[in-house]
Amino acid sequence: MTDQNFYFVMQDRFANGSNANDTGGLTGDRNVTGYDPTSKAFYHGGDLIGLRQRLDYIRGLGTSAIWMTPSFKNKPVQAIGTPFTSAGYHGYWITDFTQIDPHLGTNQDLTDLINAAHARGMKVFFDVITNHTADVIDYREGRYDYIPKSVSPYKDASGTPFDDRDYAGTNTFPTLDPDVSFPYHPYVPAAEATVKKPAWLNNPIYYHNRGNSTFSGENSLYGDFFGLDDLFTEQPAVVNGMIDIYKSWVDNFGIDGFRIDTVKHVNDEFWQKWVPAILNEAHRVGKKDFFMFGEVFDTSRPITSHFTRKDRLQAVLDFPFQHAAQDFAAGSRPTTELRDLFVDDDWYTDADSNVYQMPTFLGNHDMGRIGLFIRQAQPGEGDAKDLARDRLAHQLMYLSRGNPVVYYGDEQGFVGDGGDQDARQDMFPSQVASYNDDDDIGTAATPADSNFDPAHPLYQTISQLNAVIRANPALRNGAMQVRYASSGAGVFAFSRIGRQEQVEYVVALNNADTTQTVTVPTYVSHRNFQLIYGQGAQHVISQPEKGLPITVAPLSAVVYQAAGRIERSQAAPAVSLAVNDAPNTTGHLPVVASVDGDSLYQTTFYQRVTGAGPWQLLGTDDNAPYRVFADVSQFAPGTSLQFLAVVKDNAGHVSSATRTATVPEPPAPVTTAVVHYNRPAGDYDSWGLHLWGDAIADGVATDWSAPRQRDGVDSFGAFFNIPLKNGTLPVNFIMHTPSGDTVPTTREPGGDRSFVPADHAQIWLKQGDPTIYFSPPAL
């Protein structure tokens, strides 16, 4: 699916259509009802009726699909009496998977909303959770630290230890007893003994019961998210129960697709059964284009692509794009970084999907808004430039490959003070003081006002982008070919070409503060290109050597459309094939086809064990460099594999090439990573690394209030030695002072950064510079 543009909305913060459901039918103070519109941590009253009433506003953006935060009944309030007391307004603390949260309305309200959206030509997507439920289960020990399986393995009801991984993906599982089987003794308090629905969810044997996750290593899969009850998804009963839950919503409500929460915290075998079961059910009831995409909060392409390759997901949210788009529009980073991002799109090319299906986004309810990232990267730049950068970010997202996602309120210039609760402002007049002091972009309004203004310049920008895409579908689903990038701030340009029409569009975006003139390679010579979006010359002519001279104003974008089709190729191009079978950390071999000529080509790749069996499809690439990453993890080192590339030009001519390669031995493990950090003034005291992820050794993950401190200082600066458990996975880090979150005074720019030690065991960082250097940079 490559033709959707999403509007991601948190219903509680969007529109209050009925005050009758504000307290969810509960009576008492906010710790009972969850309702307090003056607190950013509680329900504010938004509901499905309000969302339905505002559908025309959403449709006016050109939206084709609404994605809602989870709508099922939540535990109203958790962690009562602690600094973390909060309500389930966001939807991620589910107790009842069979009904809509009464704070949001009723199941009938959902039916009415979906029918009204469908009548306007919009799809409705549900945000769903399979990883956990609300925090209900307690431990008799009164402790909640994670206990690894190596210390206390699971035991069957008779007390015999077993490894749950031996049963994941099968139809059998040992019988469990809550008094015997777990490292803790789980129980459900009497007051909540039947609070979860379906009823099987009330039995503690269907949960991991190992304590709280630190999001590192084993506990990333088995630990509780801040106490949320982590489902034992290796059990077939849990798999089948979750299949039945979501089948019922597909069957009964006409939902068009799912966004799936916390995908990387659930085992592969679960997804390999759950995903096809849900798709088959959707197809059975007539939803032939039912679409599911997962949340994999990571910027490493080998990691994020794993879930589309191995786990049969149609797509995952494009976190790598978000990071690069933020750096491009907010940070005016070199546009070669965008080039490198799109070149690595080949990681997602497989037999039944590719990167064009990925939902792209600029910010969200967890990390924060693009407006905030712009303000942090360019403090004091002024509203006019902030607005230009915000427009530029949306232009990149809408005009490049993928399915763009607008986070509600971004079209009204919302900024916010951070992520999570600080990025969840009300669209209706807010009563939250920390929201109402926001200085939003492109407007004098604040969240204290009603913010449904279709005249807002960002609303207008998004609406215009959608209009030009509707008129020129190749800008949404056409092949994307990177054409031009600069070593500093400047122009990034690419072509979009529809496979059937074969008309070339050239998109050029400028993230510099000055006007830029460049010559962009194209497929055609002596051809008139007409401006169809942006401000610039109305017509430009491609040169004899096919270069197109384009001038782009500061912080803006233009789109030019060629007159007529790309010329038909006269003969099949020559092709050669190369396979890099050097040892690598990913279990994949890069397979690259070199294709002569500069016409429009498609290259399809296959592999097989040399001399044995039929060819197996790897995927098709429609832009240079023509490449796939062949998964060879199932083959023993030394196995001989044969690869085939078949190239088809735009006139139907075909050529091919083959190559043989050997599956390599795995590389030696990396056990320590080193981060070097330079501050010119030498003021390293208190600056340290916030660390998390599956790469680092147990006990190395840090608390936000206590970053890992330096091991010493050398001629470059401070250095940090990081013990590793698995150097083939990303080390995730933030350089900051204890609890410091203000760029650049207490936190370095660049957001959540990462590197893979098996590829680069040492990295170098400079104060105020978001770049990760793989060799010592000049100081």
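Predicted model: local features only at pLDDT ≥ 70, side-chain atom pairs only at ≥ 80, totals over all residues.
A cavity, in the sense used here, is a set of grid points where a 1.4 Å probe fits but cannot get out, and its lining residues have an atom within 4 Å of a point. A search of the whole structure turns up one cavity of 30 Å³ or more, and the largest cavity holds about 40 Å³ of space. Its lining consists of F8, W67, L317, F361, G363, N364 and V405. Sorted by class, five of these lining residues are nonpolar and two are polar, while none is charged.

Attention turns next to a sheet. Six strands make up an open sheet with antiparallel pairing, and reading across it gives the order β17-β18-β19-β24-β21-β22. At its edges lie β17 (479–484) and β22 (539–541), each of which pairs on one side only. From one strand to the next, the twist averages 30°. Five bridges join β17 to β18 (residues 491–497) in the antiparallel sense; within this part of the sheet, Y484 has A493 of β18 as its bridge partner. A helix accompanies the sheet: α13 (residues 383–399) packs on it and touches β18, β19 (504–510), β21 (528–533) and β24 (556–562). The direction of α13 makes about 155° with that of β19.

Is L724 buried or exposed? Its relative accessibility is 11%, so L724 counts as buried, the cut-off for that class being under 20%. Leaving aside residues up to four places away in sequence, the contacts of L724 are V670, T671, T672, A673, A695, I696, A697, V731 and P757.

Strands β38 (residues 762–766) and β39 (residues 769–773) pair in the antiparallel sense over two bridges, and W764 has Y773 in β39 as its bridge partner. Two residues lie between the strands of this hairpin. In the turn, G768 has a positive phi of about 75°.

Terms used:
Residues numbered from 1 in each chain as written. Heavy atoms only, no water. Pairing = 2+ DSSP bridges. Helix = DSSP H or I, 4+ residues; strand = E, 2+ residues; numbered from the N terminus. Axes fitted to C-alpha atoms, helices over the stretch in contact; angles between N-to-C directions. Contact = heavy atoms within 4.5 Å. 1 Å grid on protein atoms, 1.4 Å probe; cavity = no way out; pocket = protein on both sides within 12 Å on 5 of 7 lines; lining within 4 Å. Points joined across faces, edges and corners; volume = space filled by probe spheres on them. Nonpolar A, V, L, I, M, F, W, Y, C, P; charged D, E, K, R; others polar. Buried < 20%, exposed > 50% of the residue type's maximum accessible area, 1.4 Å probe, protein only.
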